[in-house]
Amino acid sequence: MAPSACTITLNPHDGRFSRPSAYQQRNRSMQGLLIETVEPGSPADRAGLQPGQHLLEIDGTRLRDLIDYSWLASDDEAELTVAAEDGTIQTVLLEPEPGEPPGLAFAPPEPKRCGNNCIFCFVHQLPKGLRRPLYVKDEDYRLSFLQGTYVTLSNLKPAELRRIIKQRLSPLYISVHAVDPAVREKLLGRTNIPPILEQLKELAKARIELHTQVVLCPGINDGAILEQTVTELANLYPSVRSLAVVPVGLTEHRQRLPELAPVDRGYAAAFLDRWLPRMRAVNKQLGEAFLQLADEFFLKADYPFPALKEYGDLPQWENGVGMVAWFLKDAAAVLKRAKPLPPLTATVVTGQSSVGFVTSFLADLGKRTGCSLTAAAIPNQLFGTSVTVTGLVSGKDIIRELQGKPLGQILLIPEVMLKEGEGCFLDNLTPADLSRELGVAVLPFEPTPAGLYKTLKSLTTRKLKLMQVTGTHH
């Protein structure tokens with residue numbers, strides 16, 4: 001694990017890391033929950049609470065983290081023990097109206113670090129020069145509950161397991177990879193880890209809802225091992241509500257790492273030939289979209305996607321499962337209502353894996369609106385050409401691919417490429433940097449067909465001229 005000079009927390013929206021606030025960095029040694037904001041006019045504001053204070057207790061019960069707060073907080077009158085920045089302790093009375101929230105927002109918890117050495121770990125495959133927090137790994141059941149991040153439970157202590165059950169921390173997101181102990185130890189790169197199947201059975205017995213995943217490594221946890229994993233997890237349904245199988249992601253920066261076979265087109269096709277019928281049989285038996293296969297298998301194999309209804313309520317959306325089927329349905333809905341717009345020439349940036357259906361949608365949308373829309377698939381030089389997803393495209397790669405090419409009046413960037421709240425790419429470049437280097441207005445958009453259409457409707461001729469003159473990207 002790479003060292004880090006600051007605490008980080010995983011952002012659930014884009015799978016990247018964000019820095020803590022100045023308050024959190026200054027007060028990390030003080031116990032309790034750091035108050036970051038107090039809603040004006042709220043019960044907390046009326047009680048005199050202020051940002052920078054630490055909430056230590058509610059009605060005499062010590063708070064360990066945000067989970068304890070959510071467990072104890074209510075709209076009833078409560079006695080709060082708080083500490084000022086100078087360490088002064090005071091007790092205040094919180095007196096909310098019925099149904100009125102307290103009005104407090106806290107700094108995220110400092111995550112527990114991952115002690116695994118997974119042979120497929122993406123962090124170990126990162127190139128140099130990215131934002132420092134990207135090199136830090138977390139393994140924290142609390143973040144799994146609070147933010148939906150996947151954990152292996154390899155560092156889960158018996159007391160923590162009891163806490164999950166007592167406080168009903170559900171749902172949780174579990175990286176299983178294999179239920180066979182020896183295979184799982186090989187995948188996680190460590191020995192003497194708790195048997196995952198026993199942990200899952202105990203959680204299932206307590207009716208904790210679980211969403212699980214398998215990162216598929218050819219020749220290691222596929223074949224009979226995958227059959228065993230799917231069977232055992234299906235036996236724990238409905239507590240185990242879903243299982244996603246996703247292909248291992250390999251970059252070109254695997255120096256001194258175990259050799260792994262990639263999931264190429266031939267493997268993906270053979271895998272789907274075997275597992276797509278198996279998926280449908282399992283799901284029919286359980287009456288729910290339990291087993292789900294990542295979109296990347298279908299993209300690599302160039303196979304048609306299942307209907308959106310086969311993905312249920314999209315429980316594995318953040319895992320890249322069901323996104324394309326949803327995109328296609330949303331695209332069809334947008335095309336039905338699209339109307340002519342003022343003439344516009346635009347280039348829409350995308351990753352290489354999605355360029356096929358994006359190009360098709362842009363062609364149809366152009367016919368409906370009168371706009372000239374071109375998809376630009378960006379080869380990934382940062383991670384290697386085997387990495388083709390849109391969310392991992394860097395600013396430098398966009399500049400390298402599009403420099404000197406006719407881009408029209410505007411370059412449209414899907415927001416999934418940018419860090420939420422900071423508006424920068426993985427390599428710290430911003431849309432303004434791209435605008436300056438490429439000589440064209442750059443505008444991020446919500447990465448959906450509806451989001452793109454909404455952005456196009458907002459682009460009047462006057463606004464485009466203003467953007468081109470000022471170099472703005474808002």
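Is Ile 174 buried or exposed? Ile 174 has 0% relative accessibility, so it counts as buried (buried means under 20% relative accessible area, exposed over 50%, partly exposed in between, with a 1.4 Å probe and protein chains only). Before going on, note that this is a predicted model, in which local features need pLDDT of at least 70 and side-chain atom pairs count only at pLDDT 80 or more, while totals for chains, interfaces and linings use all residues. Residues are numbered from 1 along each chain as its sequence is written, and side-chain values use heavy atoms, with hydrogens and water left out.

**Stop one: around Ile 174**

Ile 174 sits in strand β9 (helices, H or I of at least four residues, and strands, E of at least two, are DSSP runs numbered from the N terminus). Leaving aside residues up to four places away in sequence, its contacts include Tyr 150, Val 151, Ile 196, Leu 200 and Thr 212 (contact means heavy atoms within 4.5 Å). Now select His 211: its C-alpha atom is 6.2 Å from that of Ile 174, although the two are 37 residues apart along the chain.

**Stop two: the sheet**

Show the strands in the order β9-β10-β11-β12: they form an open sheet of 4 strands with parallel pairing (two strands pair if DSSP finds at least two bridges between them). β9 (172-175) and β12 are the edges; each has a single partner strand, so one side of each lacks a neighbour in the sheet. On average, neighbouring strands are turned by 20° against each other, direction ignored. Between β9 and β10 there are 4 bridges; for Ser 175, the bridge partner in β10 is Gln 213.

**Stop three: helix α9**

Helix α9 packs on this sheet, touching β10, β11 and β12, and its direction makes about 155° with that of β12 (axes are lines fitted to C-alpha atoms, for helices over the stretch in contact, and angles run from 0 to 180 degrees between N-to-C directions). Select Ala 268, Phe 271, Leu 272, Trp 275 and Met 279, which are among the buried residues of α9. What covers the buried residues of α9 includes α8 (223-234) and α10 (295-301). Look along the helix at Leu 272, where α9 bends by about 35° (the angle between axes fitted to the seven residues ending there and the seven starting there). Just after α9, Gly 287 has a positive phi of about 75°.

**Last stop: helix α15**

Jump to residues 449-458, helix α15, where Leu 452, Tyr 453 and Leu 456 are among the buried residues. The buried residues of α15 pack against elements including α11 (323-337), α12 (355-369) and β14 (372-378).
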